[in-house]
Amino acid sequence: MNKKILFTIFMAVVMFLAACTSSSGLLLKESTLKQMELESFEGKSTLAVDIDTTSMNQSFEVEMDTKQVDLLNSVVDFQVGTDLLALLGLHVEPTNDGSVTLSMISKDGESIITSSEDDIGIQLSDISAEEEFGIGNEEEYVEFLTSFQDILHQLMEDYLENYDFSLNHIESHGEVLIDLPNGESMNTEHIEVELSGAEILDMLHYSLSHFLENEELQEQFFKEFSNLQLLMLDFVNMNEEISEEEIQEELQMIETELTSAIEELVITLEEFQSEHVAENEDMLNDFASVSLDTYIGVDDTETYQMEYATEFTFTEELADLILEDTNEPLPFSIGDSITLSSKDQIWNHNQDVGPIEVPDELITPDMLMELESVEDFKEIAGEDALFSQIAEQLAPLFEAGEFGFIELKVNENKAETIEGEVDTHLYIDDGQLMAPLALVSEQLGADVQWLEETRQIIVDNHNNVLEIDVQSRSDNTVKLNGEVSHDIHVEVIDGTSYVNVRNYAESMGWTVMWMDETHSAVVLP
C-alpha cells in the first residue's frame, strides 16, 4: 500500500479519536492528557459486537484487564469467548465460563504471552532492559520510554489545545455514582454525546481541517514528530549509519507527503459530502449513529469510565439506493443491525498495584526457531496446552501459504509481495493481465515444479492442481484437477511462463481485486 495512504489513514484515525475524546468538553480533554502521564494504574475494558441479522443473531465479547506497575512492567489479560474463536476458525477447549484468557506480559521490558490454561509462556523477544543497556543501567531504558511518552503527550496536547468542534447533541446529567471493578464507588460527572452519521463525517472533516489550517500546530507537530524519529534512531543505535542530513531529508519528505495526503483526503471528503450526504442526510443518519457516555471523577479526573457504541442499521432507503446501481443480491435484509460497543474504566492511578508474575517455564525465540513441527511444540508446551491447540489448527494455513499476497503494478512492471517490491514483466493480452506464473503462484504459497522430461509445469496449492503441457509460445494445454481448462491461458516468453491472472487465480480459489487508482491487480488467498 502507498506510504502516503498509510500516513493519511493513520493521521485521520488519530485526529478522529482525538475529536471524539475531546468533544465531551474541557473536563474530558484534561482527563485524556492526564491519562498519558500515568505511570501506574489499573483498568478494565469490554469490547462487544452484537449482530442482529436474518442470517445471524449473536453477541461476542472480549474483556481486557490491565495492570501497569511502571513503564517496564505490565500485564493485560484478554478474556475471549470460545464462540468468537470458533467464528475465526479456532476450536479450543473452554473453561467453565466458556472463555479462555490470554495474557500479554511486559516484565522488565521483555514481552511474554501466556494463558490461564497453561503453565508456560512464550517469550516474544529476548531483549531486556538489562541486555540492551547493561546491568545497572536500566534507568536509560526508562528514560527512553519516558521521553517517548512525553513526545506523544506533547503531540496530543498541541492538537487538542484549540480544538472546538461544536456538537448538536451533548448533554450533562450532573453527578452520578459509578461502581469500579475493585469494589469502590466514585462520584463522577456524566456527559452524554450523540453523533449522527452526518455529524461523524463533519467531525472527521473538522479534525483534518483543524490540522491544516493551523500553521503553528503543524510546525509544532512536525517538530515533535522529528524528535520522535531521532529518539527511535538513538535507541536502535543507528546514528552512526545514517547521517543527520539523510534524516532531515527523510523527515522533510514525510512532512510533504503527509500534508499533501491530508489535503487530498479533505477534498475527497468535501466532494462526498456535497454530492451524496446533502441529499441523503436522513438516510445516512438512520444508517449510522454513535453514542458516547463519559463519567469523570469529580474530585479525581484521572479516574473515569467511558461507554462508546456505534450502531449500523440496514434501512429500506439504503436498500433502494443500492438497487439503483446493481442487480446483485443485497448483503443484508431490511432491519438488520450491527452494534459495536465498548466500556473502559481506569482507576488506582499512580498507586501500588502489585508485582507482575511470569510463568516459571518460558519458550524463547531461539527455541521457537529450532522447532520443525507442531509435534515439537507440543513436547515443550504440552499436548493439551491452549497454544498447542491453536498451533495445530494454524499450521496447515502456514504450510499452504494462506497469508501470502501479491500486488501487480501494471504501469510500473513491478510486484509488491510480503517480502517487498520486485521488478517483473507484465502485459495485457486480449484485455487480460498476463503475469509470470511462478511469481504469482509462489507468493500465494503454491508449489511450482518444472518437469524437464515431459516439459510440464505442475502447480499445487494444496486445494487445486494445475498441469501445463508446454508445447509452444501460446499453444499450451492446461488441465485443472485433471480436466482441460479453456479459461486459463499460458504463454511462454524467453523461458518464462505467463498466465492470465484473473482466470488463473480464481480457478485456484484465490481472490483478485482491481485497483483503479494505482492501476494494479491484487491477488489474495
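**Reading a strand, a sheet and a core**

A: Start with one residue. T114 sits in strand β5, residues 110-115. Keep in mind that this is a predicted model.

Q: Is T114 buried or exposed?

A: Check the relative accessible area against a cut-off. Buried means under 20%. T114 has 7%, so T114 is buried.

Q: Which residues does T114 contact, leaving aside its neighbours within four places in sequence?

A: They are T101, L102, S103, I105, I120, G121, P359 and F387. Look at I120 again. Its backbone oxygen lies 2.9 Å from a polar atom of the T114 side chain.

Q: Now sheets. How do strands pair in a sheet?

A: They pair through backbone hydrogen bonds, either parallel or antiparallel.

Q: What about β20 and β21: how many bridges pair them?

A: Four, in the antiparallel sense. The bridge partner of L466 in β21 is L480.

Q: Which residues have the most contacts inside the largest nonpolar core?

A: L408, L466 and Y504, in a core of 30 residues. Elements that each supply at least two of its residues include β20 (465-469), β21 (477-480) and α15 (501-507). L466 touches residues including I457, V478, L480 and Y504. Another core, of 14 residues, lies apart from the largest one; I191 and V290 are among its members.

How values were computed: Residues are numbered from 1 along each chain as its sequence is written. This is a predicted model: local features need pLDDT of at least 70, side-chain atom pairs count only at pLDDT 80 or more; totals for chains, interfaces and linings use all residues. Side-chain values use heavy atoms; hydrogens and water are left out. A nonpolar core is a set of buried Ala, Val, Leu, Ile, Met, Phe, Trp, Tyr and Cys residues joined through side-chain atoms within 4.5 Å. Buried means under 20% relative accessible area, exposed over 50%, partly exposed in between (1.4 Å probe, protein chains only). Contact means heavy atoms within 4.5 Å. A polar contact is a pair of N or O atoms within 3.5 Å; within protein, one must be able to donate a hydrogen and the other to accept it, and residues adjacent in sequence count only if both atoms are side-chain atoms. Two strands pair if DSSP finds at least two bridges between them.
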